[in-house]
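Hi everyone, thanks for making time. I'd like to walk you through one structure today, so please have a look at it with me.

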Amino acid sequence: MGRGGPVRRQWELIRVLHSHRFGVATEELAKELGVGVRTVLRDLAVLRDLVPLRHDTRARGKRYWMLDDEALGTCALQPTLTEMLSLCLCQQFLRPLGGTEFGDGLSALVERVRTVVPAGTLAHFESLQESFHVKNVAGHDYSGQSEHIRSLNEAIRDQRVVRIAYWSASEGRQIDSEFHPYGMLFLGTSPYCVGHMACCDALRTLKLARLRDLAVLETTFDKPPHFSLPAQFEGTFGVFHAQAPQRIRVEFTGWAATNVREMQWHPSQRITRGTGDTVEATFDLGSTVEFKRWLLGFGPCARVLAPDSLAREIQGDLALSMEGYGHARSPAA
């Protein structure tokens, strides 16, 4: 059996011991863990060098195992192996947000949990972290904006107006305006703030990586009573605000068909036809800006069937791409 098997079982054994303050018989441990008595005895022999563990011999010579009083006193919370692994995975997912409240808050929680697990036990179980790895393909370093993010979180909580300097990628200029922050949205590892932009009197979604300056004002605002973050982005494929949704039909072939079968890219995604290496799927979206970018990533393996207007837009984008490769020689040449 690989190392993961005994390690998981031994971690569970510690949890069981912690739940039996006055001791548990060897046979009962074997029953709860679903293993033989000999296996339990081998695990206990390993753990005795790692955690404060002792036993009493009672009626009929039975051994009752328990953590000593010091361990029980310091382990007010004895996390399960699954809980520890979940925390480690979350830490990897939020690594791009290290140096901000989000990443540092989770790291602090992990360290607090680690303090209730004896040092020897940690050294024994930390090898499990080598079994899981989260690869973040692209991300922004937000550590330099930690103060902005902290202030923005406080402003959201207290409904305080903020004054921002924000680089608008669509307009190619800096915008200085008052802003009413309603809440945070995360797309991948990129945080966005949704709120009312005073200079244009409209709802806007700001990417925090483009926030150049921020100051919290004394003025407060009233968030619209019916505003809901989930509802705001219900018909979007990313962060662009949705209009009235439209039904989009796309045919996927080859590897793209496999990808769409395996992944739920949007809550509205429905596979309406699937034969062999061809899949037809529908999406109900109010904005197609990010959806088009996603479709183009499939190259010739994705074709819009409806509406015609979207098919023509993508055809135009592909034509412009071809112009950029006008100097390249064709495969036949």
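Let's begin with histidine 196, which counts as buried because its relative accessibility is 19%; buried here means under 20% relative accessible area, exposed over 50%, and partly exposed in between, with a 1.4 Å probe and protein chains only. A word on what you're looking at: this is a predicted model, where local features need pLDDT of at least 70, side-chain atom pairs count only at pLDDT 80 or more, and totals for chains, interfaces and linings use all residues. Residues are numbered from 1 along each chain as its sequence is written, and side-chain values use heavy atoms, with hydrogens and water left out.

Back to our histidine. Histidine 196 sits in strand S6, residues 190-197 (strands are DSSP runs of E, at least two residues, and helices are runs of H or I, at least four, numbered from the N terminus). What joins the side chains of histidine 196 and aspartate 201? A polar contact of 2.8 Å, that is, a pair of N or O atoms within 3.5 Å, where within protein one must be able to donate a hydrogen and the other to accept it, and residues adjacent in sequence count only if both atoms are side-chain atoms. Leaving aside residues up to four places away in sequence, histidine 196 also touches Phe179, His180 and Tyr182, among others, contact meaning heavy atoms within 4.5 Å.

The largest nonpolar core has 20 residues, and Val250, Phe252, Phe283, Phe291, Trp294 and Leu295 have the most contacts inside it. Such a core is a set of buried Ala, Val, Leu, Ile, Met, Phe, Trp, Tyr and Cys residues joined through side-chain atoms within 4.5 Å. S11 brings the largest share of this core, 4 residues. A second, separate core has 17 residues, including Ala155 and Leu208.

On to the pockets. A pocket is an open set of points on a 1 Å grid over the protein atoms alone, where a 1.4 Å probe fits, with protein on both sides within 12 Å along at least five of seven lines; lining residues have an atom within 4 Å of a point. Volume is the space filled by probe spheres set on the points, which are joined across faces, edges and corners. Of its 21 lining residues, Tyr166, Ser170, Thr205, Arg210 and Phe240 lie nearest the centre of the largest pocket. S7 supplies the largest share of that lining, 5 residues.

The second largest pocket has about 330 Å³, and H11 gives the most to its lining, with 3 residues.
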